[in-house]
Amino acid sequence: MMLEHVLILSAYLFSIGIYGLITSRNMVRALMCLELILNAVNLNLVIFSDFFDNRQLIGDIFAIFVIAIAAAEAAIGLAIVSSIYRNRNSIRINQSNFLNK
């Protein structure tokens with residue numbers, strides 16, 4: 001694949017993730033859009049590592065670290081969402097007021 005095609009795909013993924021994160025009212029959808037953004041970043045890391053230096057795997061190693069951080073973020077985020085749903089019976093972002101009991 002050519003570099004431009006992968007960068008365009010990554011830009012599409014990133015822009016879909018940003019748009020979904022801005023317009024989302026559901027916490028689970030916001031977490032999914034955040035994962036799309038992280039996948040676009042991973043795609044950029046891997047393609048730039050492959051394009052500029054084939055022998056070193058620096059971009060690939062960074063991508064593995066980002067995947068590990070994304071997995072931890074998803075696990076913690078879903079635990080927080082399930083706790084909020086248990087207490088408030090709603091996972092909508094605009095209805096959750098954390099200052100009131």
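**Reading the helices**

Modeller: Take residues 30–49: the span is 100% helix and 0% strand, with 29 Å between its end C-alpha atoms. Bear in mind that this is a predicted model.

Colleague: Which residues does UniProt list for "transmembrane region"?

Modeller: The unreviewed UniProt entry lists residues 6–23, 30–49 and 61–85 under that name. Residues 61–85 are likewise 100% helix and 0% strand, and their end C-alpha atoms lie 36 Å apart.

Colleague: At what angle do the axes of H1 and H2 cross?

Modeller: An angle over 145 degrees counts as roughly antiparallel. The axes of H1 and helix H2 (residues 27–52) cross at roughly 160° and come within 8 Å, so H1 and H2 are roughly antiparallel to each other. Their crossing is left-handed.

Colleague: Which residues in H1 meet which in H2?

Modeller: On the H1 side they include Leu3, Leu7, Ser10, Phe14 and Gly17, and on the H2 side Ala30, Cys33, Asn44 and Phe51 are among them. By class, the residues of this contact are 19 nonpolar, 4 polar and no charged.

Colleague: How far apart are the axes of H2 and H3?

Modeller: They are 9 Å apart, and the two helices pack at an angle of about 175°. H2 is therefore roughly antiparallel to H3. The contact of H2 with H3 has 17 nonpolar, 4 polar and 3 charged residues.

How values were computed:
Residues numbered from 1 in each chain as written. Predicted model: local features only at pLDDT ≥ 70, side-chain atom pairs only at ≥ 80, totals over all residues. Heavy atoms only, no water. Axes fitted to C-alpha atoms, helices over the stretch in contact; angles between N-to-C directions. Helix = DSSP H or I, 4+ residues; strand = E, 2+ residues; numbered from the N terminus. Parallel < 35°, antiparallel > 145°, perpendicular 65-115°, else oblique. Left-handed = near helix turned anticlockwise from the far one by under 90°. Contact = heavy atoms within 4.5 Å. Nonpolar A, V, L, I, M, F, W, Y, C, P; charged D, E, K, R; others polar. UniProt positions renumbered as here; feature names shortened; annotations may be inferred.
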